[in-house]
Amino acid sequence: LGNHDLEGAEFETDEQSLAAWCRTFDRPRPYCTVELGAALGICLSSTGFRSNPFSHHEVRIDRAQFDWFRQTLERHRDRPTFVFSHAPILGSGLRVLQAIHLCCPNAWLNHTDRPERFLALVNDHPQIKLWFSAHIHLGQQFADTVTRVGHCTFVHTGVVGPVSREDR
């Protein structure tokens, strides 16, 4: 789930929105692992919109999910791992649209809540080979939509369709 997926007017709380998503997709929680043969996929999910302290649109995971993420990485140190999150992580070197994302603030995963801890997890877990994110309003004509930091390649997947906010 990304920053817009929890904001439906039909829900009064983030908990109601998350519960509806989990019921719809028959999931116990909005984040999960996916078996990819020898590799492991870890799918992270926004868990807050109304409850975000600084910006409703911050792409934010809660402490329980962060702890689950860390523990999952610890249990699977021997498997190549691909991570999927809506927003990129601070320190990935991926380009963000500053006029929107830095002013909001919602450029990075948990932008206002110790965002640097995600890069620390990447550095401590060399099995993380790829990290995909999609919280971008830029086209794919920029060299810094794919970066490499240490052992991990970060890929910002861009917009789908012919138009983005910078008209590329």
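Which residue stands opposite Thr153 in β6? I looked it up and found Leu130.

I note that this is a predicted model, where local features need pLDDT of at least 70, side-chain atom pairs count only at pLDDT 80 or more, and totals for chains, interfaces and linings use all residues. Residues are numbered from 1 along each chain as its sequence is written, and side-chain values use heavy atoms, with hydrogens and water left out.

**Strand β6.** I took helices (H or I, at least four residues) and strands (E, at least two) as DSSP runs numbered from the N terminus. I counted two strands as paired if DSSP finds at least two bridges between them. Strand β4 (residues 128–133) runs parallel to β6 and is joined to β6 by 4 bridges. Strand β5 (residues 146–149) pairs with β6 over 4 bridges in the antiparallel sense, and Thr147 stands opposite Phe154. The hairpin of β5 and β6 has 2 residues between the strands, and Gly150 takes a positive phi near 60 degrees there.

I then checked burial (buried is under 20% relative accessible area, exposed over 50%, partly exposed in between; 1.4 Å probe, protein chains only). Strand β6 (residues 152–156) is largely enclosed by the rest of the structure, because 5 of its 5 residues are buried. Cys152, Phe154 and His156 lie on one side, Thr153 and Val155 on the other.

**Helix α1.** In α1 (residues 14–24) I list Asp14, Ser17, Leu18, Ala20 and Cys22 as the buried residues. Just after α1, Asp26 takes a positive phi of about 50 degrees.

**Phe84.** I placed Phe84 in strand β3 (residues 81–84). Phe84 counts as partly exposed because its relative accessibility is 32%.
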